[in-house]
There are 2 protein chains.
Amino acid sequence: MNDLDRRVPWQRPTTAFLLAQIGAHAATRFAQRIAGLDLTPPQAGLLRLVGVQPGQSQQVIARRLGTPPSRLVLLIDDLEGRGLVERRRNPDDRRHHALYLTDKGTAFMRNELGPAGAAHDDDICAGLTGAEREKLHDLLTRITAQQELTEGVHPGYRQLGP
Amino acid sequence: MNDLDRRVPWQRPTTAFLLAQIGAHAATRFAQRIAGLDLTPPQAGLLRLVGVQPGQSQQVIARRLGTPPSRLVLLIDDLEGRGLVERRRNPDDRRHHALYLTDKGTAFMRNELGPAGAAHDDDICAGLTGAEREKLHDLLTRITAQQELTEGVHPGYRQLGP
DNA sequence: TATTGTTATACTCTATAACTATA
DNA sequence: TATAGTTATAGAGTATAACAATA
């Protein structure tokens, strides 16, 4: 028992602390993994959201992600320049740019990013059995519901260190 | 079933994704909570570490936190200016500054930061029963061990939004 | 010369505000 | 005038590098 433990009631890390610690760790590891795909975490999140909800305007996507629309511009510029995402002007209102995955983008999700995400999940859960992973997934899903977190979206993607 | 689900095998968020999502959420909520104590998350982490391992030099603390020593200076300056932390020069080697909590700092941990952490934990786990919280804590602890994460330290504290 | 702590500087990421075009 | 998207600017946070004191 150390000095502080004698005085404050923190004998062990709280569950919330462990969640933040492991969450940060998982985000960092994910960033490192997809760096090999020349992708930053925000780009990966955007790519996934465009794939799941194609045809949305940049305004809608920005609101969904909780980010200012101006931030999307450069992210999309890069993804579009690499031929993964496509802006299509709406003929009815030429101010809107609807976003779609290209065929190349779809293949990238299936062959590169998808497997990377699965491998990442295996990495993080390596210490648990299959049944334990299910239990953990269930408990975490309950938390996301109670805390009213948007499915498939989170702001905490972390950049890669040196 | 949406467009992307037909093409890539991501029917549900992975466990690793949920961990990152909830971890980011928890970090943000914690930042909001301790903002009422005029404390940033990095300051809270430093304060706790100084309390748990008093008498360490800034170099040692920096290595433990995985942060450059220069970053500690301003954090400590602020905490010292508020009378929560104390630098003590080592008479044997006057280059070293050993860090300690003041009595005021110890009281602050017990009466302010400690209860805030407990309330935060209750908030995040509000959707789970007591037994479920135990189970979750156990599973998360297993992950931290397998992933070799340092107890009580994580780099992912998040700043407060607007 | 090597190390501790500090100060100065630069870089990254993000948000805010100004601007263009369409309506 | 109002909105979608873009560009320009500024801020927060952090890291890197130069510096002073001590060994």
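In which helix of chain A is H120(A) found? H120(A) is found in helix α5, residues 103–124. In this predicted model, local features need pLDDT of at least 70 and side-chain atom pairs count only at pLDDT 80 or more, while totals for chains, interfaces and linings use all residues. Residues are numbered from 1 along each chain as its sequence is written, chains are lettered from A in the order in which they are written, and side-chain values use heavy atoms, with hydrogens and water left out.

**View 1. Surroundings of H120(A).** Helices are DSSP runs of H or I, at least four residues, numbered from the N terminus. H120(A) has a relative accessible area of 5% and is buried (buried, under 20%; exposed, over 50%; partly exposed, in between; 1.4 Å probe, protein chains only). Leaving aside residues up to four places away in sequence, H120(A) touches A26(A), R29(A), F30(A), R33(A) and A16(B) (contact, heavy atoms within 4.5 Å).

**View 2. Salt-bridge network of D77(A), E80(A) and R87(A).** A salt bridge places a side-chain nitrogen of Lys or Arg within 4 Å of a carboxyl oxygen of Asp or Glu. The closest N and O atoms of R87(A) and E80(A) are 2.6 Å apart. R87(A) is buried at 18% relative accessibility, and E80(A) is partly exposed at 29%.

**View 3. Salt bridge between R133(B) and D122(B).** The N to O distance is 2.9 Å. R133(B) lies in helix α6 (residues 130–146) of chain B and D122(B) in helix α5 (residues 103–124) of chain B, so the pair ties together parts 11 residues apart in sequence.

Technical notes: Helix = DSSP H or I, 4+ residues; strand = E, 2+ residues; numbered from the N terminus.
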